[in-house]
Amino acid sequence: MPTPRPVVLDCDPGTDDAIALLLALASPELDVRLVTVAGGNVGLERALANARALVGLGGRVVPVVAGAARPLLGVFAAERAVHGDDGLAGLTLPEGPPATPGIAADAIRTVLRAAQPGSITLMGIAPATNLALALATEPALADGVAEIVLMSGAWAEGNWTPAAEFNAFADPEALAMLLASGRPVTLATLELTAQALCTPARIAALRASGGGARLRAACDIMAAVPPSRRFGGAGHALHDPCAVAWLVAPHLFTTREVHVAVDLGPGLSRGRTVIDRWGRLRQPTNARLLETLDADGFFALLRKTLGS
């Protein structure tokens, strides 16, 4: 088996973050070196408790470090309609190991300082604040980054505002900084994650496959998320696990090299990701866009990995 890929995972659990974190911890292809937490789907204190619980359930010894409670600019806003007040749609997990003292940006820099050039993958499935702070305060450390993988943005309609996806809207300045970092960036946008449609039938198939505590908890979380109006009530998208799946099973995806700009203005389009899929702007590409997903293969990956 190839050497596992070293990963720093920045999250804000959050129901779909929970599935993503469990998938990352259970994947033999990944070596999760550090979990950092930002305020996002829920406030920082609750998100940190959820991340600790999920790391405990995942059965891995990984430091979990708290980071930014708010974006670089503006104010914090939680997403309670999907994730509930507790972030896990009411599911109670055993308390996890204690958080590691420190600040997320410092912890990320510590990992990068010790890394070989181009060896660490930064995965962001939250507002990008922690990752941006880490690189902005010591830009030379970007040399240690192999790839930045983000669940963020949309090339069409948003899900938080008509223009913007939640993570991009929550800290657009931080997202713009990562796109300008000079390191390879891969984006899982709403158009991609919509293809990972979690339906009652798919949840039932996952439950019927057996498996242990990780898979049962994942199914309980997925079943508790309300169906989305975006999909006519048929189910909801598993946004964040798509970013993990890209690292574990890239053959499930097709991609396109694109130029991405982020709207940083104060108006109604703030946080919009302007994604030039066809090269009309004649700008250098600065991101890889994940365009299509083999949905059946994706759910088979969840079943195999979380049920192992």
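**Note on helix packing, cores and selected residues**

1. Helix 9 passes helix 10 in a left-handed crossing, a term that applies when the near helix is turned anticlockwise from the far one by less than a right angle. The two elements span residues 200-208 and 213-224 respectively, and they pack with their axes 10 Å apart at an angle of about 165°; helices here are DSSP runs of H or I with at least four residues, strands are runs of E with at least two, and both are numbered from the N terminus. Axes are lines fitted to C-alpha atoms, for helices over the stretch in contact, with angles running from 0 to 180 degrees between N-to-C directions.

2. On the basis of the atoms, this is a predicted model, in which local features need pLDDT of at least 70 and side-chain atom pairs count only at pLDDT 80 or more, while totals for chains, interfaces and linings use all residues. Residues are numbered from 1 along each chain as its sequence is written, and side-chain values use heavy atoms, with hydrogens and water left out.

3. Helix 9 and helix 10 are roughly antiparallel to each other because of the angle between them, given that angles over 145 degrees carry that label, those under 35 are roughly parallel, 65 to 115 roughly perpendicular and the rest oblique. From helix 9, I203, L206 and R207 meet L215, R216, C219, D220, M222 and A223 of helix 10, where contact means heavy atoms within 4.5 Å. By class, this contact has six nonpolar residues, no polar ones and three charged ones; Ala, Val, Leu, Ile, Met, Phe, Trp, Tyr, Cys and Pro count as nonpolar, Asp, Glu, Lys and Arg as charged, and the others, Gly among them, as polar.

4. A second pair is formed by helix 5 (residues 129-136) and helix 7 (residues 172-179), whose axes come within 8 Å and cross at roughly 50°, so that the two helices are oblique to each other. Here too the crossing is left-handed, with helix 5 passing helix 7. T129, L131, A132, L135 and A136 of helix 5 make the contact with A174, M177 and L178 of helix 7, and the classes involved are seven nonpolar residues, one polar and no charged.

5. The largest nonpolar core holds 66 residues, and L9, V35, M222, L238, F298 and L306 have the most contacts inside it. Its largest share, nine residues, is supplied by helix 1 (residues 15-26). A separate core of 34 residues includes L141, V145, A168 and L187; such a core is a set of buried Ala, Val, Leu, Ile, Met, Phe, Trp, Tyr and Cys residues joined through side-chain atoms within 4.5 Å. Beyond its neighbours within four places in sequence, L238 is in contact with I19, T193, A196, C198, M222, F298, F299 and L302.

6. Helix 4 (residues 104-113) is mostly covered, since seven of its 10 residues are buried, where buried means under 20% relative accessible area, exposed over 50% and partly exposed in between, with a 1.4 Å probe and protein chains only. The buried residues are A104, A105, A107, I108, R109, V111 and L112, and what covers them includes strand 1, strand 2, strand 3 (64-66), strand 4, helix 5 and strand 5 (145-151).

7. I120 lies in strand 4 (residues 120-124) and counts as buried because its relative accessibility is 1%. Residues up to four places away in sequence not being counted, I120 touches P6, V8, R33, V111, L112, A115, G144, V145, A146 and E147.

8. T189 sits in the loop between strand 6 (185-188) and helix 8 (190-193), and with a relative accessible area of 1% T189 is buried. Its contacts, apart from neighbours within four places in sequence, are M151, S152, G153, A154, W155, I275 and L289.

9. E29, in the loop between helix 1 and strand 2 (30-37), is partly exposed at 33% relative accessibility. Leaving aside neighbours within four places in sequence, E29 is in contact with P4, R5 and V248, while its C-alpha atom is separated by 9.1 Å from that of P6, 23 residues apart along the chain.

10. Two backbone features deserve a check, because most residues other than glycine have a negative phi, and most peptide bonds are trans. P13 and G14 are joined by a cis peptide bond with omega about -10°, G14 lying in the loop between strand 1 (5-11) and helix 1. R282, which is not glycine, has a positive phi near 55°; R282 is placed in the loop between strand 10 (273-276) and strand 11 (287-293), and is exposed, with a relative accessible area of 76%.
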